[in-house]
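User: Hi! I am new to reading protein structures. Could you walk me through one, feature by feature?

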Amino acid sequence: MKSNIISILIFLVGLSTSYLASVYFTHKEIDKHNQEMQIISKTISFNIRYSIENDAEKIQLLVRHWQSINELNRHWEGDTQILKRQNKFITKIKLFPVIEETAFNLPNNALIRADNDIQRHSQLRARNNLPMESSKVIPSFIYTNQVDYRNEYMVELALQFPVVMDNILVAYVEVSIDLANFLRNKLDTYQITNPFSLSENGLTLFSTLPEKISEDNITQKIMLPFYGHDWILLISSELPQPNKNLYLLLSLLVSFLLAVTVKLLMLNHALQKQNKFNHNKIKHIDSEYRNNQAKLIQSNKLASLGEMASGIAHEINQPLQIICIHTDLCVQNLTIGNYNLVEKSFKAIIEQSERIEKIVKQVGSFGRDSELDAYQKEDPNNIFNNVIDIVLSQYNQDNVELRQIIHRPLPLLFCNKTQIEQVLINILINARDAVETCEEKTVFLKAHVQGENLYIQVSDSGIGIDPHKINNIFTPFYTTKPIGKGTGLGLSISYSIIAQHKGKIEVTSEIGKGSVFTVIIPIEKYTNQRV
């Protein structure tokens, strides 16, 4: 009830506010239209100037490329044909000589000739805008004559380029451009879409404005400076007329929407409150899931250590026996005073103690909670050495041969070292179990780089995996081992760990020939240092 009353009040307030806003926005729309026309006028001005100046720069580059009169004579016809092909609006290209005409060997229609002094003076008067002395000419400057207006379909713009060789002005290249067709092409290709006119000294050069047009519709009038000339650009556009009925309808619509918005906001507030509660609940469930996953990983490591316990005990028992023997020898040699042999026995005891310490450290490092380890750059060789040191005693005890084929150099990996070691130990234990009943007990550990990935392969000569069961081997608690031999978590956890490292595990197997497990880990671009 309360929300309905508030919505009605909002509707009434919104209705009056919308009407006042409509008046305000009408004026804003007119201002906006004027600003848009300013932008359009500048765009048209830039479009015209840029196109002509761009063509003029290409012509100027060609003119300045000629280093001698012989080169000009030789390349004139080919170069001018290229210019005409590049610019379809060029109507003619001629050379006006400043030095003797006889120096130029051009086609008759290319050279502006003077048969007598009167004709020469007439030509110079028509070009009184051009400096005829080398000291006054600017080689990089482009000159123009007043536009030649014949009719609305034939308006020519003459561009004049000085030809300077060895600091001597020898001629001017005069290029005539069909300005009317040039501007008409701008309209035909929609580069310019607004009606406009272009004039110089009160003479209209080009126009698409209606014949009868009010001055109120001339929204923009700007000066267009062009190579020493001032063109006037006029642009026409009708001012937008406000629609009062439309504004009234919009006012009603806005007011209604405001009322509905208030109602929806109140509903949204209630939904946000519920979403916050759900988010906290999901966050709690996610935290529990991560904790349980960490416990599973730790349990799997301890289970792996349990499977290797006999091999580890055997590995520790050997140095212990040696220590016991040398302890007895120390007692005997001390009794008879043979201190030289006592020293040798102490050295042997220290050496075997260090061997036991190394084994304990490796097992302890593997057994610790890997969640405490941070991701960092690791040498794969160290990972392989640690894994082999842990499993080798069990392999030797079961008469299983472990062969290594490592293609070095290998890249550094950005990874959790303990977790990668756990994956490899899980796979190597499975490989050992797979060859347990075979005559040939061989397991291969291979590593190589391919593309942007590190490939680690563990292959065995075991009994292989049933094709109907191979898709289930990564399922939690699924195992093909006898009861008490495995937990069914090793491969599932390994798959999860490699997925966290943005990699994958692939497996191929053939009954009676063995299996191949391939661990593919991407190499980070910033850890591509070779080791």
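Analyst: Gladly! Let us begin with strand pairing: two strands pair if DSSP finds at least two bridges between them. Helices (H or I, at least four residues) and strands (E, at least two) are DSSP runs, numbered from the N terminus. In this predicted model, β11 and strand β13 (residues 442-450) pair in the parallel sense over six bridges. Across that pairing, Arg403 stands opposite Phe444 in β13.

User: Before we go on, what should I know about the numbering and the model?

Analyst: Residues are numbered from 1 along each chain as its sequence is written, and side-chain values use heavy atoms, with hydrogens and water left out. As this is a predicted model, local features need pLDDT of at least 70 and side-chain atom pairs count only at pLDDT 80 or more, while totals for chains, interfaces and linings use all residues.

User: In what order do the strands of the open sheet stand?

Analyst: The order of the five strands is β11-β13-β14-β16-β15, and their pairing is mixed. At the edges are β11 (401-406) and β15 (504-510); each has a single partner strand, so one side of each is left without a neighbour in the sheet. From one strand to the next, the twist averages 15°.

User: Which helix packs on the sheet and touches β11, β13 and β14?

Analyst: Axes are lines fitted to C-alpha atoms, for helices over the stretch in contact, and angles run from 0 to 180 degrees between N-to-C directions. Helix α8 (residues 380-397) packs on the sheet, touching β11, β13 and β14 (453-460), and its direction makes about 170° with that of β11. Helix α9 (residues 417-434) lies across β11, β13, β14 and β16 (514-522), running at about 25° to β14.

User: How many residues does the largest nonpolar core have?

Analyst: First the general idea: in soluble globular proteins, nonpolar side chains tend to be buried together. A nonpolar core is a set of buried Ala, Val, Leu, Ile, Met, Phe, Trp, Tyr and Cys residues joined through side-chain atoms within 4.5 Å. Buried means under 20% relative accessible area, exposed over 50%, and partly exposed in between (1.4 Å probe, protein chains only). Here the largest core has 47 residues, and those with the most contacts inside it are Leu95, Val173, Leu179 and Trp231. Helix α1 (residues 2-65) gives the most to this core, with eight residues. A second, separate core of 41 residues includes Leu410, Ile429, Phe517 and Ile523.

User: What does Trp231 touch?

Analyst: Leaving aside residues up to four places away in sequence, its contacts include Ile52, Val147, Leu179, Leu198 and Phe226.

User: Leu198 makes me curious. Which residue is its bridge partner in β7?

Analyst: That partner is Phe206. Strand β6 (residues 196-200) and strand β7 (residues 203-207) run antiparallel and are joined by four bridges. They form a hairpin with two residues between them, and Asn201 in the turn has a positive phi of about 55°.

User: How do I read aromatic pairs?

Analyst: A pair of aromatic rings is described by the distance of the centres and the angle of the planes. Rings of Phe, Tyr and Trp (its six-membered ring) pair if their centres lie within 6.5 Å; planes under 30 degrees apart count as stacked, over 60 as edge-to-face and the rest as tilted. The structure holds seven such pairs. Phe46 and Tyr50 are stacked, at 5.5 Å centre to centre with 20° between the planes. Both lie in helix α1, four residues apart, about one turn of the helix. Phe46 is exposed at 56% relative accessibility, and Tyr50 is partly exposed at 48%. Phe196 and Phe206 form a tilted pair, 5.8 Å centre to centre and 40° between the planes. Phe196 lies in strand β6 and Phe206 in strand β7, so the pair ties together parts that are ten residues apart in sequence.

User: Are Phe196 and Phe206 buried or exposed?

Analyst: Phe196 is buried at 0% relative accessibility, and Phe206 is buried at 6%.

User: Where does Asn87 lie, and what does its side chain reach?

Analyst: Asn87 lies in the loop between α2 (69-86) and β1 (90-97), and its relative accessible area of 8% makes it buried. Its side chain reaches the backbone nitrogen of Phe89 at 3.0 Å.

Definitions and conventions: Contact means heavy atoms within 4.5 Å. A polar contact is a pair of N or O atoms within 3.5 Å; within protein, one must be able to donate a hydrogen and the other to accept it, and residues adjacent in sequence count only if both atoms are side-chain atoms.
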